[in-house]
Amino acid sequence: MNPSARSSPGSATPYVQVAPLAVIFALFLVVPIATIVVVSFWDYDEFRILPDFIWDNYVYLLTSQVTLATYVNTVKYAVLVWALTFAIGFVIAYFLAFHVRTMTWQIVLFILCTIPFWTSNIIRMISWIPFLGRNGLLNSTLIHLGVVDQPLEFLLFSDFAVVLAFVHLYTLFMVVPIFNSMMRIDRSLIEAAADAGASGWQIVRNVILPLSKPGIGIGSIFVVTLVMGDFITVRLMSGGQSSSVGIAMSNEIALLQYPAAAANAVVLLVVVLLMVAAMLRVVDVRKEL
Amino acid sequence: MDREGRSPGFYFLAAFFALFVLFLYGPISTIVILSFQGPDGGLTFPMNGGSTYWFANLFEKQAVGDFGGSFSRSIRLGLIVMATTLVVSVSAGLAFRRPFRGSTVLFYLAIASLIVPSILVSLGIGLMFNILEWDTNWYGSALGAHLTWTLPFGLLIMFAVFNRFNKAYEEAARDLGATPAQTFRHVVLPIIAPSLIGVALFGFTLSYDEFARSLMTSGSFNTLPLEIYGMTTNVTTPVLYALGTLTTGFSLMVVLLCLAASLVLQRRRRRHGSDAGRGI
């Protein structure tokens, strides 16, 4: 085949090559989301879902005090986890990118950080139990040292435990993209800043931070969307005592109230997309691709 | 940054990094140690004897549900997801090197697939199968659900790979009379092979660990994460930790195998890359 035939716009090759991807996304992403939207207008009783067009699911959802409280709680988790993963992730990425001098060491330390990421999330969550529990390592150590006389109850099955588990699970989603952005920063810019008399802190604040923005954006989108849609971490780590949008949905699913769950899902999707759009206004992520 | 000595900042950052690593590994090490409790041991320290009792307990079927079955289903599903992700991502990655109609829509669909909460994908596919009166199962609906999570990662890795790919190699092959298939097989594939291991690793482990997307899609037979979740709500013995230790060990083995394979491939490429003028 000659090159001009290969690159002609009418060539069928790219369509054949991309067809499997398009079919999978159509079947398992587009149609299912459309199904959710349709079902959110359906009616239901205890036994089945009934095709219909009613607004009741949304009216009930949007006028309920519980919905608002659930969203406030979920957004609270998202903001706290975002702030913590960003702070930790930025420092770790900065250390790896600018203070570790050889590439071998960068790779070794980087792999060291990624290995826990490959084990089951649920196992990583329950592994906090023997550490934070009433008779856990931390409490017995604190009592042994005489810091407290009673075990601290807030450590496990609490908002504290939920946020801690999220940070443990998702900080890597911040480290990787920020590190990636930092590695692309031209080192001569930093030397120029240093020659112009900038202190280390000023270089971080005025040179590295702005240039890392695309990575921070990608990491933030990951962390925020993962936390907003989560139900398993909140349920396990709060011991069922805190609510989140995901938990509300999974409860409705368990009770077979699919139209109610679908309405909840549509509202969640809209909220998540608005949050992502807001983040994309602050940083131009496309620069990174 | 000075090249001679380490600044005080370095030691502060190194200490921070060490704490972070401790934070990552601390809890997991705790359950690894606790899984070797004696038969009378509980869920917390102090250790009550030492044995492999709880690991043996794990394989007694009636004791903790169907661990063997769910483990083998998860591995098989992971391998199918891995193979599909690999083929579909490479193929789509090749397509995206040239402009074609609908490429923007498809790109944004891939991004959307990453940011749509998992439970929504799960609910949507579950509902779709429910309405069509199809049965959900791990090798059909769950496979589709997992692919919506692994394919965007695969595609983004392929973008990164082809952005750095030097097209001169392909042109040279074409000028020498290679067909597109020969060019792909003998030139493109060996060059991108090490990155493909990354795609495979992502595909397998993301699927192997996926909980939310399996929830409404895996049908009557559990995958491993669903089984583990079930255990967290009704098992109160260190058998839970034995399971954690075993699956963590398995994941670690997969990662290390992939790293080793990638190293071997890179080394081979380096050796074969310098054969110019040797008359091979």
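Mentor: The model is predicted. Across the whole structure, a search returns three cavities of 30 Å³ or more. The largest cavity holds about 510 Å³ of space. Its lining comprises 31 residues, and the closest to the centre are Asn121(A), Tyr170(A), Leu226(A), Trp149(B) and Glu210(B). Both chains supply elements that give two or more residues to this lining: from chain A these are helix H6 (121-126), H9, helix H12 (213-229) and helix H13 (232-237), and from chain B helix H4 (103-115), H5, helix H8 (180-209) and helix H9 (212-215). H12(A) gives the most, with four residues. Sorted by class, the lining of the largest cavity has 20 nonpolar, seven polar and four charged residues.

In chain A, the loop between helix H8 (137-144) and helix H9 (159-183) contains Phe157(A). Phe157(A) is not a glycine, yet has a positive phi of about 55°; its relative accessible area of 38% makes it partly exposed. In chain B, Glu133(B) sits in the loop between helix H5 (118-132) and helix H6 (141-163). Glu133(B), also not a glycine, has a positive phi of about 60°, and at 72% relative accessibility counts as exposed. Most residues other than glycine have a negative phi.

Elsewhere in chain B, helix H3 (residues 67-95) and helix H10 (residues 224-234) pack at an angle of about 145°, their axes 8 Å apart. Here Phe67(B), Ser70(B), Phe71(B) and Ser74(B) meet Leu224(B), Pro225(B) and Glu227(B).

Conventions
Residues are numbered from 1 along each chain as its sequence is written. Chains are lettered from A and ligands numbered from 1 in the order in which they are written. This is a predicted model: local features need pLDDT of at least 70, side-chain atom pairs count only at pLDDT 80 or more; totals for chains, interfaces and linings use all residues. Side-chain values use heavy atoms; hydrogens and water are left out. Axes are lines fitted to C-alpha atoms, for helices over the stretch in contact, and angles run from 0 to 180 degrees between N-to-C directions. Contact means heavy atoms within 4.5 Å. Buried means under 20% relative accessible area, exposed over 50%, partly exposed in between (1.4 Å probe, protein chains only). On a 1 Å grid over the protein atoms alone, a cavity is a set of points where a 1.4 Å probe fits but cannot get out, and a pocket is an open set with protein on both sides within 12 Å along at least five of seven lines; lining residues have an atom within 4 Å of a point. Grid points are joined across faces, edges and corners, and a volume is the space filled by probe spheres set on the points. Ala, Val, Leu, Ile, Met, Phe, Trp, Tyr, Cys and Pro count as nonpolar, Asp, Glu, Lys and Arg as charged, and the others, Gly among them, as polar.
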